[in-house]
Amino acid sequence: MTRAEEIQEKALSLGFAKCGIIRAGAVAGYEERLDERIRKIPESASMYNSFRRYADARQAFPWVKSLVVVVWEYRKYKSPGNLRGRIGLSYQFDSRINPAAEGFRRRNELAAFIEGMGPMVGREERFGFTAVRYAAAAAGLGVIRNNNFFCTENGSWNNIFVFAIDEELELIETPRTKKCPDDCNRCIKACPTGSLNEPFTMDPRKCVSFLTSRGGGIVNLAGNPVGKLLGDWIYGCDVCQDVCPFNKGRLTNEMDFPGLDRIAAKFSPEQIVDMNEDFYKNEISRKFWYLDESKSWVWKVNALNAMINTFEPKYGPCIRNCLRDPGERVREMAAWACETLGIRTE
């Protein structure tokens with residue numbers, strides 16, 4: 001058995017669904033993808049240009065020679081309470097910085113195994129150091145679909161982790177995943193905001209997931225028509241994955257994800273707008289870390305927007321209370337909600 005095969009065997013024994021190894025330069029073509037997107041959506045240039053570093057792993061690890069790519073499936077986890085359809089599944093089941101999560105522990109075990117063999121190992125837990133979907137496709141572990149998500153034969157409900165190593169290894173699989181049919185545009189038609197307007201393209205400035213998570217607050221939702229298009233979503237979005245025929249029946253919902261039940265019990269829209277800063281700091285900003293400790297107001301604005309879109313009488317007092325919130329944008333959104341829904345403010 002070669003060293004590459006030993007690494008793959010260990011990864012699979014730890015519970016990773018896929019493992020492949022590519023040369024570090026195999027992700028260089030990612031830059032062409034960025035250029036293509038910028039040509040199609042020039043307004044996105046500032047964002048996509050910031051991703052160019054992902055085309056060259058040497059910018060993070062000058063000594064890198066190969067990339068070990070593994071796929072961790074989160075389709076097995078349950079989405080508790082009322083989180084489904086409000087919080088994106090990838091955020092619910094994010095194991096990148098969660099020591100209680102199995103994916104986090106298994107990743108550490110694999111890194112330790114590789115280091116025990118001799119190679120130096122580098123990784124970055126939060127935002128990564130390379131184009132992970134592109135790397136997984138280059139390793140033959142699956143395909144990138146029209147909606148830009150990486151998909152194996154078990155669907156696109158995956159986390160992809162990459163390790164840089166200082167040894168030249170290669171183990172490329174033959175993907176067993178069918179590509180999108182030429183006549184399929186379900187994800188494009190279903191995209192609430194039109195962020196997906198053609199295959200392999202996405203305008204991040206319109207993406208529901210971006211607007212409600214890492215880009216939360218860059219668009220003022222008060223009086224903005226885009227607010228209606230966000231629907232029930234408060235943080236993230238799963239629409240383009242939910243409608244993909246290759247994802248049908250792939251969610252098994254057989255396991256609990258550590259700590260998620262505790263958060264779900266306090267995560268209705270009414271509870272979000274009323275949450276205290278300690279709960280936000282100790283629970284929410286640690287779990288959903290794209291919005292830091294100073295961004296509780298973004299959650300409240302997103303929850304108010306969802307209340308407007310799915311109004312029930314019980315929301316009225318909660319919305320009125322937000323007129324006195326310390327956050328200016330929250331008060332502004334609450335005032336807009338009262339005006340839109342005809343809620344008396346006195």
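Modeller: Just after helix 1, G15 has a positive phi of about 110 degrees. Keep in mind that this is a predicted model.

Biologist: OK, and which residues of helix 1 are buried?

Modeller: In helix 1, which spans residues 3-13, they are A4, I7, Q8 and A11. Looking down the axis, these buried residues fall within an arc of 95 degrees, so they line one face of the helix.

Biologist: Why would residues three or four places apart point the same way?

Modeller: Because an α-helix has 3.6 residues a turn.

Biologist: And what covers the buried residues of helix 1?

Modeller: The cover includes strand 1 (18-23), strand 2 (66-73) and helix 5 (102-117).

Biologist: Switching topic, how many aromatic pairs are there?

Modeller: There are 22. One of them is Y74 with F93, a tilted pair with 5.9 Å centre to centre and 50 degrees between the planes. Y74 is in the loop between strand 2 and helix 4 (89-92), and F93 is in the loop between helix 4 and helix 5, so the pair ties together parts 19 residues apart in sequence.

Biologist: Are Y74 and F93 buried or exposed?

Modeller: Both Y74 and F93 are buried.

Biologist: What about F127 and Y290, how exposed are they?

Modeller: F127 is partly exposed, at 44% relative accessibility, while Y290 is buried at 14%.

Biologist: Which residue has its charged end over the ring of Y54?

Modeller: That's R53, 4.3 Å from the ring centre. Also, R33 lies over the face of F200, 5.7 Å from the centre of that ring.

Notes. Residues numbered from 1 in each chain as written. Predicted model: local features only at pLDDT ≥ 70, side-chain atom pairs only at ≥ 80, totals over all residues. Heavy atoms only, no water. Buried < 20%, exposed > 50% of the residue type's maximum accessible area, 1.4 Å probe, protein only. Helix = DSSP H or I, 4+ residues; strand = E, 2+ residues; numbered from the N terminus. Arc of directions from axis to C-beta. Contact = heavy atoms within 4.5 Å. Phe/Tyr/Trp six-rings, centres within 6.5 Å; stacked < 30°, edge-to-face > 60°. Lys NZ or Arg CZ within 6 Å of the ring centre and 35° of its normal.
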